Amino acid sequence: MYSILIADDEEKIRALVRKYAEFEGHTVTEAENGMEAVRLCRAQRFDIIILDIMMPELDGFSACREIRKISDTPILMLSARGEEYDKISAFEFGVDDYMVKPFSPKELMLRIDAIMKRAGKTQQEDAQKKEIVQIEGLTADFTGRFVHVDGKKVDMSPKEYDLFFYMLRNRNIALSREKLITEVWGYDFYGDDRTLDTHIKLLRKSLGKYSKFIVTLRGVGYRFETN
């Protein structure tokens, strides 16, 4: 069972999340604004954090940035704003998933389960594999989850790391969109295909001149090509 922090200035939203989460056996802590959410994260550890974007005192983006300085706890963003720009901004700040209000509480619980399963799988894989790959000026440390571009450490969102490491492990292999979504997000992923495109766009930005290695295969998907 998970320890969940829900930060939203709408009491009805917090009550709705609490109702469904506690029904499934999870524990829930509430925060009315981003400032309180950051304070709670500094004081205790949660398994997953749910953040609204539009909150008083400190908005969800700013709260996410502050939380990421001290914790890599999975974050799911809730917002009435469904524009691609907002989603991209959220992923750049390091969120693991994004849901648009109004939302289905049942779907929210399923997404939480999917995020936690992926987080557990990633931790297990990292513990089992000790590997460093260097291609030209690009260095990837699978164990430490570090990426360096020409000697400079690059900060990525958790899902960017997952996508990059998966493509790098399977370099020079054509990876269909379905394969990437299944392997990186999981069989129980409840987002849409645009989530993959958004993360590819972010990953290319993070890799800078080495984004040349990510080749788009029209009608198929992508390939991390180093030959």
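Author: What follows goes from the overall shape to helix α3.
Author: This is a predicted model, in which local features need pLDDT of at least 70, side-chain atom pairs count only at pLDDT 80 or more, and totals for chains, interfaces and linings use all residues. Residues are numbered from 1 along each chain as its sequence is written, and side-chain values use heavy atoms, with hydrogens and water left out.
Reader: Okay, how many helices and strands are there in the protein chain?
Author: The protein chain has eight helices and twelve strands, where helices (H or I, at least four residues) and strands (E, at least two) are DSSP runs numbered from the N terminus. Its radius of gyration, taken over C-alpha atoms, is 18 Å, close to the 17 Å from the globule rule (2.2 Å times the number of residues to the power 0.38) for 227 residues, so the chain is as compact as a globular protein of that length.
Reader: And what share of the residues is buried?
Author: Buried residues, meaning those under 20% relative accessible area with a 1.4 Å probe and protein chains only, make up 51% of the 227.
Reader: Switching to α3, which of its residues are buried?
Author: In α3, which spans residues 60-68, the buried ones are Gly60, Phe61, Ser62, Ala63, Cys64 and Ile67.
Reader: What do those pack against?
Author: The buried residues of α3 pack against helices α2 (34-43) and α4 (84-93), and against strands β3 (48-52) and β4 (75-79).
Reader: Which residue reaches Phe61 at the start of α3?
Author: That is Asp59, with a side-chain oxygen within 2.9 Å of the backbone nitrogen of Phe61.

How values were computed: Buried means under 20% relative accessible area, exposed over 50%, partly exposed in between (1.4 Å probe, protein chains only). Contact means heavy atoms within 4.5 Å. A polar contact is a pair of N or O atoms within 3.5 Å; within protein, one must be able to donate a hydrogen and the other to accept it, and residues adjacent in sequence count only if both atoms are side-chain atoms.
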